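Good morning, colleagues. I should like to take you through one protein model, beginning with a pair of helices and then turning to the strands.

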Amino acid sequence: MNLSRPLRTTALPALLTVSALVALTACGTSEADSAAGGSKATVTVRIPDPGNSGVLALGKKDGSLDKALSKAGAKVEWTGSAGPFAPAAQAMNADQLDIATGSITSGITSLAQRPGFKFFTAVDPDAAGEGILVRNGSGIGSVADLVGKKVAVNQGGTGEYLLLKALAKAGIPADRVTRVYLRPDQTAAVFNAGKVDAWAVWATYAVAEIGSGKAHFVADGAAIGSDNYSLNAVRTEFAEQHPKVVKALYQYLHETSAREKQNPAAYLNVFTDVGPTAVTGKAKDVQTEFTAEGGTVDPIGPEDIERFKAVAAFYAEQKVTRTRVDVAAHLLDVGKLT
């Protein structure tokens, strides 16, 4: 993906601005309470621990994220660990987390509940790093070959979307393939044991399998025509109270994601290059290639919203959600945060 492409247009009437949000209210340690002499306390931003790779991992290690947020009067509190968006959304709803990352697909199913969060950034769909994974020698050479087979997916999230989208594009009724609902962190063993024939998955889990030399995508995101954006979400009340902090976080993510795209290897194995969290061998090459081909963290623009709407419509048509979710009602325009 070309780094020189223009930023998305962000002057959007469909996006909520801070002036449209409710008035500020106190919120425990997340509020910059007035102190003696009129000074303000530091705002704490609760973010899932980023693990061993990525821009947040490096920002944690070198202190650059706290330095960037300090200009907005904030600091990070790392809590829990990064993982599927659904539990993170629940944590934001319960005022246990302020920021989380997820896909538009898992975001839509979470929005179908009672969301206490809004999305404020977008990364273009990963054309190279997500898709339908099959074992080498499986005899599955196309999406059509999945008919009558079992495919592992995470329910309501990226995996289920990728499979349904691939089948729809190939003109294959969804019920001709058996969906096996599994948590992504539990699927590798099932996949490698041959208990499922394929795995609809994204880079976080695909890299190790492809890097092992024992699996490959029968169809990647580009072939599927995926609209599966990666998004950053913020707890609604936090955004209402601390718009400058949200804007500072966006700016940091935007700038560092551009640097990561130019030099992916520098953002791998940030804390350790050994053990289960390390990316090594061929998998490191695979991850580096996926990151170099991927997108950067940008504002949400009009063209993105149209594609979000298409995903919401597709999910409703496929009966993943009971109704068409209004994604536009849960977006923030970071360009208007003050």
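**Helices and strands of a predicted model**

Helix H4 passes helix H12 in a right-handed crossing, a term used when the near helix is turned clockwise from the far one by less than a right angle. H4 covers residues 104-111 and H12 residues 302-317; they pack at an angle of about 65°, with their axes 10 Å apart. Axes here are lines fitted to C-alpha atoms, for helices over the stretch in contact, and angles run from 0 to 180 degrees between N-to-C directions.

From H4, the contact (heavy atoms within 4.5 Å) involves Ile104, Thr105, Ile108 and Thr109, and from H12 it involves Phe308, Val311, Ala312 and Tyr315. Of these residues, 6 are nonpolar, 2 are polar and none is charged. In this scheme Ala, Val, Leu, Ile, Met, Phe, Trp, Tyr, Cys and Pro count as nonpolar, Asp, Glu, Lys and Arg as charged, and the others, Gly among them, as polar.

Some conventions are in order. This is a predicted model, in which local features need pLDDT of at least 70 and side-chain atom pairs count only at pLDDT 80 or more, while totals for chains, interfaces and linings use all residues. Residues are numbered from 1 along each chain as its sequence is written, and side-chain values use heavy atoms, with hydrogens and water left out. Helices (H or I, at least four residues) and strands (E, at least two) are DSSP runs, numbered from the N terminus.

How confident is the prediction, in terms of average pLDDT? The average is 89, and 88% of the residues score at least 70; pLDDT is the predictor's confidence in each residue, from 0 to 100. Over residues 1-38, however, the pLDDT is below 50, and this stretch has 92 contacts in the model beyond near neighbours in sequence. Where pLDDT is low, the predicted coordinates should not be read in detail.

I turn now to the strands. Strand S5 (residues 131-135) is largely enclosed by the rest of the structure, because 5 of its 5 residues are buried, meaning under 20% relative accessible area with a 1.4 Å probe, protein chains only. S5 pairs in the antiparallel sense with strand S8 (residues 198-201) over 4 bridges, and with strand S9 (residues 215-220) over 5 bridges, also antiparallel. Two strands pair if DSSP finds at least two bridges between them. Val134 has Ala198 as its bridge partner in S8 and His216 in S9.

Definitions and conventions. Buried means under 20% relative accessible area, exposed over 50%, partly exposed in between (1.4 Å probe, protein chains only).
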